[in-house]
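Let's take a walk through this structure together. Keep the sequence and the 3D view handy as we go.

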Amino acid sequence: MEEMKELAQLLFPNINKTPEFYEKLYPQRNIKEGARVTRFAPSPTGFLHLGNLFTCTVAYKTAKDTDGIFYVRVEDTDQKRRIDGAVETMLEGLKAYGITADEGVMIDGSQHGDYGPYIQSHRVEIYQAYAKRLVEEGLAYPCFCSAEALEEIKAGQETEDIKGYWGKYAKCRNLSLNEIKENLNSGKTWTLRLKSPGDTTKKCFFQDMIKGKIEMPENVTDIVLLKTDGIPTYHFAHVIDDHLMRTTHVIRGDEWISSVPIHLQLFYVLGFKPVKYAHVAPLMKEENGNKRKLSKRKDPELAVTYYKQEGFPAASVNEYIMTIMNSNFEDWRRANKDADIDLFPFSFKKMSVSGALFDTVKLTDVSKNIISKMRADEVFELSYEWAKEFSPRLAQLYTDYSEYTKKVLNIDRHNAKPRKDIAKWSDIPEYISYMYDETFEKCYNLTGNATAALAVQVIQRYIEIADTQDDKDTWFDKIRQICAPCGCTANVKEFKQNPDAFKGHVGDVSTIIRVALTGRTNTPDLHAIMSLLGQQRVMERLRNAMEYYTKSIEF
């Protein structure tokens, strides 16, 4: 044991603080029993993708539902792959969907909380203090194997069931203190390895919060704890951080399941109580009848920026994520139509074990429903912010006609069954284009029984009586009045019973007027549209349509 202490001092001469110091510095959190402490631990190496958002939502939701704490810790031990601004961009992305940290690294780069620093590269002395203790206890040792030596070991294990640095392949595991000193004195670089207590005949068991009981072989490899520069590996750093930051639940992708035996072993040798793990299966996509993982290369919808560019409201994305996150959410929503989503009782047990199926068609349906329930002012404000960045032409219309636009967006918004035409803000330019002279595109294609000849008759008579000041009943009565003089019936049932007796019915008459005024056969309430367009604009469009249909008959 004295030799081990001497070795520890040789390896870490500048480390004076002990694990006991840090245990006291970072005490147990003063939170209620059962409260969960979770985290988002990004590395500054990429962008926020849907999988991050999905997993973060799970971590955030379970912390909030239990009056716990959600914090952000930056895992930047791999400095070679660092991308400046990556973390800030990810945190901005999370904020857009209502996920903000209680403590840790903030969007502006500051750190808040009593358990920092929350950036791993600022915590090297902490890791080395625990590494020094492991050496003192004979649970870790320096390894002087070169890259070439490690390649030789790897080549010699082709027929082995277990690969890696272990057993007879652990060349430096049993070096004497004198041998170690010689290597150090000769200037050889070293990594610190765990002296694994694992047994090839034993199993590791743990209860995953999502997948249930999992059994795996114990870890027997002497993994690297500290690299040659003294910076810890992910395995070593995150176990110490989760312990000292008093994390209770680690929510992460299920690609980490294979590492759990290593992590549980580290908790054990360090004398820590293990966290509880919840391993989230990857989001899936159906393609040609088969399921596959969402791919950064193939699927633009994997990037969270896709939803911002398309203009999906954050509320829609959150609603859909909860739909695929918990299998009972849709039943809850049907029973609680207008309830705040935060009131939904999330459960790990209701998550998919094999991977939730992500479907943009379903997202679109969810979003249509969400937007249909919004107030016109809310639709205006949210879509205006989107347009400023992604649709300058729409933004200019909003600027020039703000009050008018709010009235346009309010059409059919407060009905018992509101229309669901808008799924995302990028739908709006096309959806409302006919309400502005600057974007109205004439299109006189008719459907049903409507013909150009009938259109001339209908428009000619309607011009004589159209009044945008009419109330809805008066407006519709006028449309009914012109049916008979044009050879149509105001009764659809009557037309169906004897179609040869009429040129069309009141629906065809309405369609002709609708197409003349909007260029479309399907729009929200035509009376409301006419009221907003105003008398002058309505008359001008009716005359233009009649001129078009008259010419088409002549030719």
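Start with helix H11, which gives the most to the lining of the second largest pocket, with six residues. Before going further, note that this is a predicted model, where local features need pLDDT of at least 70 and side-chain atom pairs count only at pLDDT 80 or more, while totals for chains, interfaces and linings use all residues. Residues are numbered from 1 along each chain as its sequence is written, and side-chain values use heavy atoms, with hydrogens and water left out.

The names come from DSSP runs numbered from the N terminus: helices are H or I runs of at least four residues, and strands are E runs of at least two. A pocket, on a 1 Å grid over the protein atoms alone, is an open set of points with protein on both sides within 12 Å along at least five of seven lines; a cavity is a set of points where a 1.4 Å probe fits but cannot get out, and lining residues have an atom within 4 Å of a point. Grid points are joined across faces, edges and corners, and a volume is the space filled by probe spheres set on the points.

Back to that pocket. The second largest pocket has about 970 Å³ of space and a lining of 32 residues, with Glu319, Phe329, Arg333, Ile341 and Ile370 nearest its centre. Helices H3, H11 (314-325), H12 (329-335) and H13 (360-372) each supply at least two of the lining residues. By class, this lining has 12 nonpolar, five polar and 15 charged residues. Here Ala, Val, Leu, Ile, Met, Phe, Trp, Tyr, Cys and Pro count as nonpolar, Asp, Glu, Lys and Arg as charged, and the others, Gly among them, as polar.

Helix H3 (50-65) turns up again in the largest pocket, where E1 and strand E10 (249-253) also supply at least two lining residues each. H3 provides the largest share, six residues. The volume of this pocket is about 1200 Å³, and among its 36 lining residues His49, Asn52, Gly253, Glu255 and Trp256 lie nearest the centre. Its lining is made up of 17 nonpolar, 10 polar and nine charged residues.

What about E1 itself? Strand E1 belongs to an open sheet of four strands, ordered E1-E2-E3-E4 with mixed pairing. E1 (37-40) and E4 (111-112) are the edge strands, each pairing on one side only. Two strands pair if DSSP finds at least two bridges between them, and E1 runs parallel to E2 (69-72), joined by four bridges. Across that pairing, Arg39 stands opposite Tyr71.

The largest has a volume of about 100 Å³, and Ile411, Arg413, Arg419, Ile422 and Tyr431 are the closest to its centre among 13 lining residues. H13 gives the most to this lining, with three residues. The second largest cavity holds about 40 Å³ and is lined by Val408, Ile411, Tyr431, Ile432, Tyr434, Met435 and Pro524. Its lining divides into seven nonpolar, no polar and no charged residues.

Finally, look at the hairpin of strands E12 and E13, with two residues between the strands, where Asn288 takes a positive phi near 55°. Four bridges join E12 (284-287) to E13 (290-293), and the two run antiparallel. Glu286 has Lys291 as its bridge partner in E13.
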